[in-house]
Amino acid sequence: MDWLSSWCTEHLGAAPAGVLFERRSLSDVTGVRLTDGRQVVVKAREDEGRAAACVEAQARLAERGFPCPRPVTPVITVGPRAVHAEEFRPGGTLLPGDTPDVAVRCAAVFARLMAELTGVLVPPPLPNPRWARWDHTDPGLWPSIGFLDELDQGAVPAVVVETAVRARKRLLAADLPCVLGHADFEAQNLRWRDGEIWSVDDWDSLAWQPEAALAGAASGTFASASPPNLAPIDSSAAFLTVYQELRGRRFTAEEREIAWAASLWPALHNARWEALHGDRPVCGEAVRVQAAERLRRAGA
């Protein structure tokens with residue numbers, strides 16, 4: 001990343017003096033120590049037009065004291081990429097496990113996060129993240145993702161395709177207002193310290209969907225690290241129960257069904273990915289085992 005040094009000098013007022021870490025996935029994430037002693041994280045990702053709203057929302061939450069890194073620049077376009085810098089917030093550990101007890105702790109964080117976002121007014125960060133994009137308008141079942149679409153779709157198990165068809169049909173039939181929420185609420189994006197949440201990360205993954213769909217997806221993904229997985233059904237149920245209690249509002253019958261339908265979609269996306277890449281079918285097996293009951297609860 002030859003551009004990084006000049007970008008930091010221009011937008012942060014100091015050049016990098018050393019690299020703290022580097023991660024390459026959907027985004028390029030680099031932790032740097034600047035010559036003035038500051039430590040920041042620079043994130044660069046494909047500019048889909050959603051990054052500015054995500055970073056603005058993240059900044060609002062950080063200002064309110066929510067445990068997340070504070071952005072130190074707005075989003076700046078560099079060629080085809082959207083780039084911003086945020087404070088380096090080290091420390092904390094992942095909370096392992098997918099039991100109902102872990103689900104309850106994570107649900108409390110998600111309820112707090114969603115309550116804080118209620119007062120944050122930013123343009124909807126659309127299109128939604130690709131693994132949550134059941135609401136796409138592309139032809140076919142899956143959202144258009146070129147590098148996946150060009151692979152042999154016949155490798156995707158029939159149970160994954162059939163479950164995706166039924167879950168998406170139920171989700172698209174909903175008539176619920178959209179809200180701002182975190183669509184990648186996974187263990188790998190949560191760090192804990194002394195039993196309390198220390199940092200929630202990956203704010204690029206904000207979405208604009210019904211609250212029940214966002215909570216449902218989180219109830220299925222909260223325990224995911226690497227590789228991602230689908231939480232047990234009783235843990236998802238515990239998550240959704242505590243979430244509603246802490247939000248002070250019971251979901252309607254429709255919202256409950258939408259939550260259960262949405263709980264499947266990230267795992268379906270991941271199961272498709274596994275099959276297309278020949279990976280071990282972690283999500284694929286979870287979908288095979290759990291799909292019937294989750295679809296039943298979704299009314300799908």
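The following legends describe an overall view and close-up views of a predicted model.

In this predicted model, local features require pLDDT of at least 70 and side-chain atom pairs count only at pLDDT 80 or more, whereas totals for chains, interfaces and linings use all residues. Residues are numbered from 1 along each chain as its sequence is written, and side-chain values use heavy atoms, with hydrogens and water left out.

**Figure 1. Overall view of the protein chain.** The secondary structure comprises nine helices and nine strands (DSSP runs numbered from the N terminus; helices are H or I of at least four residues, strands E of at least two). The radius of gyration of the protein chain, taken over C-alpha atoms, is 19 Å, close to the 19 Å that the globule rule gives for 300 residues, so the chain is as compact as a globular protein of that length (the rule is 2.2 Å times the number of residues to the power 0.38). The C-alpha trace spans about 55 × 45 × 35 Å along its principal axes.

**Figure 2. The five-stranded open sheet.** The strands follow the order β1-β2-β3-β5-β4 with antiparallel pairing (two strands pair if DSSP finds at least two bridges between them). At the edges, β1 (16-24) and β4 (76-78) each pair on one side only. Neighbouring strands are turned by 30 degrees against each other on average, direction ignored (axes are lines fitted to C-alpha atoms, for helices over the stretch in contact; angles run from 0 to 180 degrees between N-to-C directions).

**Figure 3. Strands β2 and β3 with helix α2.** Seven bridges join β2 (residues 27-34) and β3 (residues 39-46) in the antiparallel sense. Val32 has Val40 of β3 as its bridge partner. Helix α2 (residues 51-63) packs on the sheet and touches β3 and β5 (81-87), its direction making about 10 degrees with that of β5 (contact means heavy atoms within 4.5 Å).

**Figure 4. The largest pocket.** This pocket (an open set of points on a 1 Å grid over the protein atoms alone where a 1.4 Å probe fits, with protein on both sides within 12 Å along at least five of seven lines) holds about 1600 Å³ of space (the space filled by probe spheres set on the points, which are joined across faces, edges and corners). Its lining (residues with an atom within 4 Å of a point) has 49 residues, of which Ser25, Leu26, Asp184, Gln188 and Asp202 lie nearest the centre. Helix α8 gives the most to this lining, with five residues.

**Figure 5. The second largest pocket.** About 180 Å³ of space lies in this pocket. Its lining includes Met114, Cys178, Trp208 and Arg247. Elements giving two or more residues to the lining are α3 (100-118) and β6 (178-182).
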